[in-house]
Amino acid sequence: MKIRVGHLYPDYLNIYADRGNIAVVAERARARGHELDVRALGMGDGVPVGEVDLFYIGGGQDREQALVAHDLVRKREALHESVERGAAVLAVCGGYQLLGRHYVDVAGTKLPGVGLLPLHTVAGARRMIGDVLLDCAWAGKTLAGFENHAGRTMLDEGAEPLGRVVSGFGNDGRSGHEGCRYRRVYATYLHGPLLPRNPWFADLLLQEALAHAGVETLLEPLPDELERAAHAVSAERARTRGGRV
Ligand code: GLN
């Protein structure tokens with residue numbers, strides 16, 4: 001099966017080599033006999049509704065976000081329709097912020113978001129930097145990663161976070177929430193790349209993308225020894241020196 005990936009603004013939003021997440025999904029797909037067909041969705045490009053199984057939008061600093069925000073808003077309707085029709089989305093940091101209603105950056109400029117997720121973000125004076133460990137009770141798993149953001153993200157009442165912060169700051173350093181999920185949209189501050197050390201999450205995205213493509217399948221497990229070791233190191237680092245709330 002060919003899994004169609006739409007990579008939003010790969011030239012602008014790729015901080016900490018976030019694009020490595022796609023390499024992980026590609027490799028894990030290949031191990032199960034599937035292939036990724038990755039196309040860039042950049043400035044001025046249309047979003048082919050129904051023809052993208054997995055969207056990916058990475059992180060960027062305020063400057064890059066300001067460059068893409070208005071173009072992203074032009075893709076709003078198509079993105080909403082895609083998500084309502086079951087497309088999967090992974091959004092990281094700067095990309096996460098732009099999926100909310102708006103982001104007020106460090107300079108006080110209000111950037112519009114696409115409103116796919118019930119939240120908004122306002123930058124604060126102190127950056128929230130460090131290793132993070134999340135408890136994703138909905139999946140019975142943990143996520144380990146690294147955050148570096150000035151934005152404080154406030155979820156609307158009733159919105160589902162991606163996880164509860166065990167160590168680190170998370171969305172705003174106060175609520176104990178990190179990230180957001182809605183239908184098949186998963187958004188997080190965890191950079192990375194995030195997926196090499198959280199293989200269950202990579203497989204979840206792969207499975208969601210396959211479901212959109214019409215393939216309901218259980219992925220057979222992979223050995224994942226290195227991945228599990230990487231997760232353990234990262235989780236331990238978060239426990240011992242993750243940012244304190
Ligand atoms: N500019 C945003 C912030 O600092 C996002 C940063 C990022 O993607 N690392 O909050």
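The exercises below work through selected residues of a predicted model.

Residues are numbered from 1 along each chain as its sequence is written. In this predicted model local features need pLDDT of at least 70, side-chain atom pairs count only at pLDDT 80 or more, and totals for chains, interfaces and linings use all residues, while side-chain values use heavy atoms, with hydrogens and water left out.

**Exercise 1.** Locate S234 and find which residues it contacts, leaving aside neighbours within four places in sequence.

*Solution.* Begin with the element: S234 belongs to helix 6, residues 225–241, where helices are DSSP runs of H or I with at least four residues, strands are runs of E with at least two, and both are numbered from the N terminus. Next, consider accessibility: S234 is buried at 1% relative accessibility (buried is under 20% relative accessible area, exposed over 50%, partly exposed in between, with a 1.4 Å probe and protein chains only). Then list the contacts, meaning heavy atoms within 4.5 Å: S234 touches A144, G145 and R197. Finally, the side chains of S234 and R197 form a polar contact at 2.9 Å (a pair of N or O atoms within 3.5 Å; within protein, one must be able to donate a hydrogen and the other to accept it, and residues adjacent in sequence count only if both atoms are side-chain atoms).

**Exercise 2.** Describe the setting of Y9, a residue with positive phi that is not a glycine.

*Solution.* First, the phi of Y9 is about 50°. Second, Y9 sits in the loop between strand 1 (2–8) and helix 1 (20–30). Third, Y9 is buried, its relative accessible area being 0%.
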